[in-house]
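Here's a friendly walk through a protein model, one topic at a time. Take a look at the structure first, and then we'll go through it together.

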Amino acid sequence: MSGFDVSDVPLRPSGRPSRPVDEHTLVLGIETSCDETAAALVLGGDDVASSVVSTQVDLHAQYGGVVPEIASRAHLDMLNPIVARAIVEAGVPESRIDAVACTIGPGLIGALLVGVSAAKSLALAWDVPFVGVHHHEAHLYAAFLEDPTLEFPLVVLLVSGGHTMLIEMQDHGRYRLLGRTIDDAAGEAFDKVARFLGLGYPGGPAIDREAVNGDPEAIAFPRAMLHDGLDVSFSGLKTAVMNHVRKHPDVSSEDVAASFQAAVVDVLVHKSRRAAQQVGAKGLVLAGGVAANSSLRERFLDACVADGVQGFLPSREMCTDNAAMIAAAGWHRLRADGATPLDCGAFPNLRIPGLT
Amino acid sequence: MLILGIETATEQVSVAIGGHEGVLGMFEVCRGRRHAETLTPAIQFVCQQADIELAEIGLVAVDVGPGLFTGMRVGLAAGKALAQALRVPMIGMSSLDLLAFPVRHTSRTIAAVIDARKGELFYACYKPVPGGVQRVLEPRCGRVDDLIADLMARGDDTICVGDGALRYADEIKNDLNCEFAEQFSSRPSAGPLVQLAHARALREDWVNPWEIHPLYLRLPDAQINWSSRVQGNTDATGGTVR
Ligand SMILES: [Zn+2]
């Protein structure tokens with residue numbers, strides 16, 4: 001075995017000394033933190049040249065949730081062709097790429113490592129900076145891709161399968177956590193209830209579809225902690241749904257889905273409005289996979305209109321995991337902090353940088 | 001042609017660059033930081049110290065396993081991305097081939113055995129032939145009893161090599177009269193990887209990056225559990241109201 005320890009190796013920072021990060025800087029984004037393999041090219045932090053997403057949802061459906069080992073295997077198979085397609089669709093030569101940004105956490109460790117290892121290799125081979133990106137920070141930036149004129153301070157409701165948070169975005173890279181779930185993430189609650197009702201996976205779209213023909217006021221499910229601060233809780237709601245169905249086996253699953261969804265949306269919208277009021281937000285933004293839910297979108301926008309704050313709903317493609325948001329956040333990180341060293345790994349429980 | 005070899009199928013991270021002059025630079029570390037943290041700086045370091053630009057690399061060789069899944073994928077993802085960015089072909093080699101090759105100066109049958117954890121082993125058998133080794137038992141995943149049964153069935157004089165062989169040396173010695181290769185060769189290394197890949201590269205026996213596939217030899221646990229559950233009891237999911 002050689003006697004060298006990697007920490008003694010004098011490393012160049014990743015990539016050649018780059019020219020200033022500006023509106024001409026073209027960033028390749030890579031995302032593999034969960035069950036979507038994605039690559040995208042974004043110019044100047046907000047101009048999407050291409051965005052390619054390959055979802056593994058069918059691979060995991062029969063297990064009722066994402067299986068980490070299956071996800072990692074699929075990422076390894078898909079990543080090269082997805083990156084190649086993103087470059088072709090952008091219609092630019094590889095030599096034009098100025099940096100490679102990749103999600104380094106939070107997420108599934110094995111899945112993250114596929115993206116991080118590939119991204120660092122691409123940066124090394126092209127001799128450009130590598131930029132490690134926080135997955136949730138990237139979700140916050142999804143809104144800027146579609147509306148670069150958003151003004152601070154913003155309140156972002158980030159709702160996905162893994163997280164439910166209310167974040168105040170004070171400026172680029174400056175965040176304050178206003179509230180979060182104390183138990184299940186909203187998306188997790190959707191998955192569990194959908195599985196219980198036999199509606200399949202993923203739960204969000206399944207409940208959304210089932211609820212269309214149901215009565216949202218049929219069952220008065222609890223709205224936990226509605227008037228208590230900005231944290232939320234969904235575990236009691238999930239239990240209430242199960243108890244109700246067990247007690248009333250003949251209940252229409254459409255009504256259950258609609259009433260459950262109404263309870264979740266009520267809580268999320270109520271807390272978002274209160275958060276926006278508290279910090280005097282100029283805008284209210286929805287982000288994360290659950291932001292694709294049609295009832296949440298509708299009620300969220302209504303609330304913004306009622307309260308006179310600027311509301312923003314990213315398109316469904318930008319709500320769910322994608323690499324354009326990674327490239328966008330990467331552009332801001334590169335400008336603020338410079339390149340990430342090439343001995344960077346993956347961090348399954350990473351905290352958002354700049355979060356207080 | 002210069003070949004970059006990447007090997008991360010066991011606890012070790014190993015990187016080598018070589019060609020017709022042999023191995024020109026090599027980095028190897030075990031018990032270090034995790035694979036992803038170590039690998040990219042290691043590639044950068046070997047290139048710098050051997051005074052080779054990555055652009056001079058004409059082929060990327062990788063260990064495709066079997067091995068520890070997460071680490072193995074780090075090397076595969078890194079190697080595939082490098083080859084894609086450099087627009088060069090790839091050669092994939094089995095970790096078991098890489099273990100057996102350095103032990104080729106023997107008259108015995110070579111059993112290459114990698115610790116697969118969870119009480120299992122990845123193994124394959126080889127015969128020494130002029131200039132190398134030839135596989136006589138295809139790679140498989142099994143418990144130490146399966147390995148012993150396979151070796152007994154062959155009935156050859158055997159030399160065992162690999163971290164799996166060392167881990168289960170007592171059990172193997174109990175049932176079989178066989179030799180063990182020394183500890184210093186118990187992990188696949190990027191040196192033999194580059195050497196073997198060079199011979200294949202001369203025959204242009206290479207593939208595109210997207211044709212490189214890992215050799216897992218074991219299904220994800222969820223898939224194993226799922227198929228046994230489906231076979232055992234179709235009502236096992238329970239709790240649904242429909
Ligand atoms: Zn996400």
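## Charges over rings

Let's begin in chain B, where K173(B) lies over the face of F180(B), 5.4 Å from the ring centre. To count as sitting over a ring, NZ of Lys or CZ of Arg has to be within 6 Å of the ring centre and within 35 degrees of the ring normal. Another case involves both chains: R73(A) has its charged end over the ring of F69(B), at 4.9 Å from the centre.

## What you're looking at

This is a predicted model, so local features need pLDDT of at least 70 and side-chain atom pairs count only at pLDDT 80 or more, while totals for chains, interfaces and linings use all residues. Residues are numbered from 1 along each chain as its sequence is written, chains are lettered from A and ligands numbered from 1 in the order in which they are written, and side-chain values use heavy atoms, with hydrogens and water left out.

## Where the chains meet

How many residues of chain B are in contact with chain A? It's 44 residues of chain B, touching 45 residues of chain A (contact means heavy atoms within 4.5 Å). Together they bury about 4,100 Å², and carbon and sulfur atoms give 62% of that. Buried area here is the accessible area (1.4 Å probe) that two parts lose on being put together, summed over both.

The rule finds 3 salt bridges across this interface, where a side-chain nitrogen of Lys or Arg must be within 4 Å of a carboxyl oxygen of Asp or Glu. In a salt bridge between the chains, R73(B) meets E69(A) at 2.9 Å, N to O.

## Aromatic pairs

Over all chains, the structure holds 5 aromatic pairs. Rings of Phe, Tyr and Trp (its six-membered ring) pair if their centres lie within 6.5 Å; planes under 30 degrees apart are stacked, over 60 edge-to-face, and the rest tilted. Take F144(A) and F152(A): their ring centres are 5.7 Å apart with the planes at 35°, so this pair is tilted.

F190(A) and F260(A) make an edge-to-face pair, 5.3 Å centre to centre with 75° between the planes. Both F190(A) and F260(A) are buried.

Conventions: Buried means under 20% relative accessible area, exposed over 50%, partly exposed in between (1.4 Å probe, protein chains only).
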